[in-house]
Amino acid sequence: RTWVPKNGASFNMPRGGAKARTKLIRQVIRGVKNAPKGSYIRFAIYSFDRRDVADALIKAHKRGVHVQVVLNDNWTSSQTRRLRNELGKKPRRKSFVVICEGSCRGGKGNLHMKVYAFSQTGAATKVIMSGSSNLTDRAVSLQWNDQITFNSTPGLYDAFIPLFNQLKFDKRVA
């Protein structure tokens with residue numbers, strides 16, 4: 001695979017056409033679609049209801065990608081339940097959806113991050129996409145959002161993995 005996600009910042013336009021509104025969602029989906037068998041996709045997200053993203057994650061799982069999602073417990077959409085039914089909910093497995101309580105690793109509060117991490121997508125490794133955008137219809141149609149992509153950033157990616165591993169077990173840490 002030769003595709004590489006574009007490094008840098010991107011922005012959606014909730015008052016624009018479909019392409020402008022879904023720009024950030026489409027970047028995440030393209031990352032999912034280009035993740036090869038045996039690679040890891042790890043999402044730590046506040047809210048989720050996009051059928052197109054759920055479809056892409058399920059297809060990735062079926063082709064042998066390890067899909068791991070940690071979500072805040074503020075709202076469990078039908079797409080979250082669908083994805084959880086497909087991937088399971090046990091965080092010791094290679095694929096799962098965990099819905100944590102509160103902030104996942106600190107007690108009260110929310111898991112409010114939006115981090116989309118790929119061990120490999122296309123020709124890029126250790127990719128992080130992060131910003132203000134939730135994977136929701138509301139984020140697409142009503143909210144101005146940003147997302148920054150970092151390709152082949154072992155320092156950033158490697159720092160995120162232990163944090164993600166704390167999140168997925170939903171236990172308070174020091």
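Here are some notes on the predicted model above, point by point.

1. Let's start with the disulfide. How many does the model hold? The count comes to one disulfide. Cys-100 is joined to Cys-104, with the two sulfurs 1.6 Å apart. A disulfide is a covalent bond between the sulfur atoms of two cysteines. Both partners, Cys-100 and Cys-104, are buried.

2. As a reminder, most residues other than glycine have a negative phi. Where does Cys-104 lie in the fold? You'll find Cys-104 in the loop between strand 4 (96–100) and strand 5 (115–121). With a relative accessible area of 2%, Cys-104 counts as buried because the cut-off is under 20%.

3. Asp-170 is another residue to check on the backbone side. It isn't a glycine, yet its phi is positive, about 55°. Asp-170 sits in the segment after helix 6 (154–169). Is Asp-170 buried or partly exposed? Its relative accessibility is 27%, so Asp-170 counts as partly exposed.

4. On to the charged pairs. The structure holds four salt bridges. One of them pairs Arg-50 with Asp-52, and the closest N and O atoms there are 2.7 Å apart. The two partners fall into separate accessibility classes: Arg-50 is buried at 11% relative accessibility, whereas Asp-52 is partly exposed at 30%. Which residues make up the salt-bridge network? Arg-50, Asp-52 and Asp-137 are the ones linked in it.

5. Next comes the bridge between Asp-55 and Arg-82, where the closest N and O atoms are 2.4 Å apart. Asp-55 belongs to helix 3 (residues 51–62) and Arg-82 to helix 4 (residues 78–87), so this pair ties together parts that are 27 residues apart in sequence. Asp-55 is partly exposed, with a relative accessible area of 26%, and Arg-82 is partly exposed too, at 28%.

6. Asp-158 and Lys-126 form a salt bridge as well, with 2.9 Å between the closest N and O atoms. What does this pair link? It connects distant parts of the chain, with Asp-158 in helix 6 and Lys-126 in strand 6, 32 residues apart. Asp-158 has a relative accessible area of 36% and is partly exposed. Lys-126 is also partly exposed, with a value of 27%.

7. Which residues form the positive patch? Lys-6, Lys-19, Lys-23 and Arg-26 do. Lys-23 is placed in helix 2 (residues 23–33). Its relative accessible area is 35%, so Lys-23 is partly exposed, and that value also clears the accessibility cut-off for patch members, which is over 30%.

8. There's a nonpolar patch on the surface too. Ile-148, Phe-150 and Leu-156 form it, and together they have about 210 Å² of accessible area. Phe-150 is part of strand 7 (residues 146–150). On its own, Phe-150 has a relative accessible area of 30% and is partly exposed.

9. Met-129 gives a view of strand 6, the run of residues 124–131 in which it is placed. Is Met-129 buried or exposed? Its relative accessible area is 1%, so Met-129 is buried. His-112 is 17 residues away from Met-129 along the chain, and their C-alpha atoms are separated by 15 Å. Lys-126, the salt-bridge partner of Asp-158, is in strand 6 as well.

10. Ala-20 and Ser-141 are 121 residues apart in sequence, and 10.0 Å separates their C-alpha atoms in space. Ala-20 is placed in helix 1 (residues 18–21). At 27% relative accessibility, Ala-20 counts as partly exposed.

Technical notes
Residues numbered from 1 in each chain as written. Predicted model: local features only at pLDDT ≥ 70, side-chain atom pairs only at ≥ 80, totals over all residues. Heavy atoms only, no water. Patch = residues over 30% accessible without salt bridge, like charges linked within 9 Å, V, L, I, M, F, W, Y side chains within 5 Å. Areas by Shrake-Rupley, 256 points an atom, 1.4 Å probe, with all protein chains shown as cover. Salt bridge = Lys/Arg side-chain N within 4 Å of Asp/Glu carboxyl O. Lys, Arg positive; Asp, Glu negative; His and termini not counted. Charge placed at Lys NZ, Arg CZ, Asp CG, Glu CD. Helix = DSSP H or I, 4+ residues; strand = E, 2+ residues; numbered from the N terminus. Buried < 20%, exposed > 50% of the residue type's maximum accessible area, 1.4 Å probe, protein only. Disulfide = S-S within 2.5 Å.
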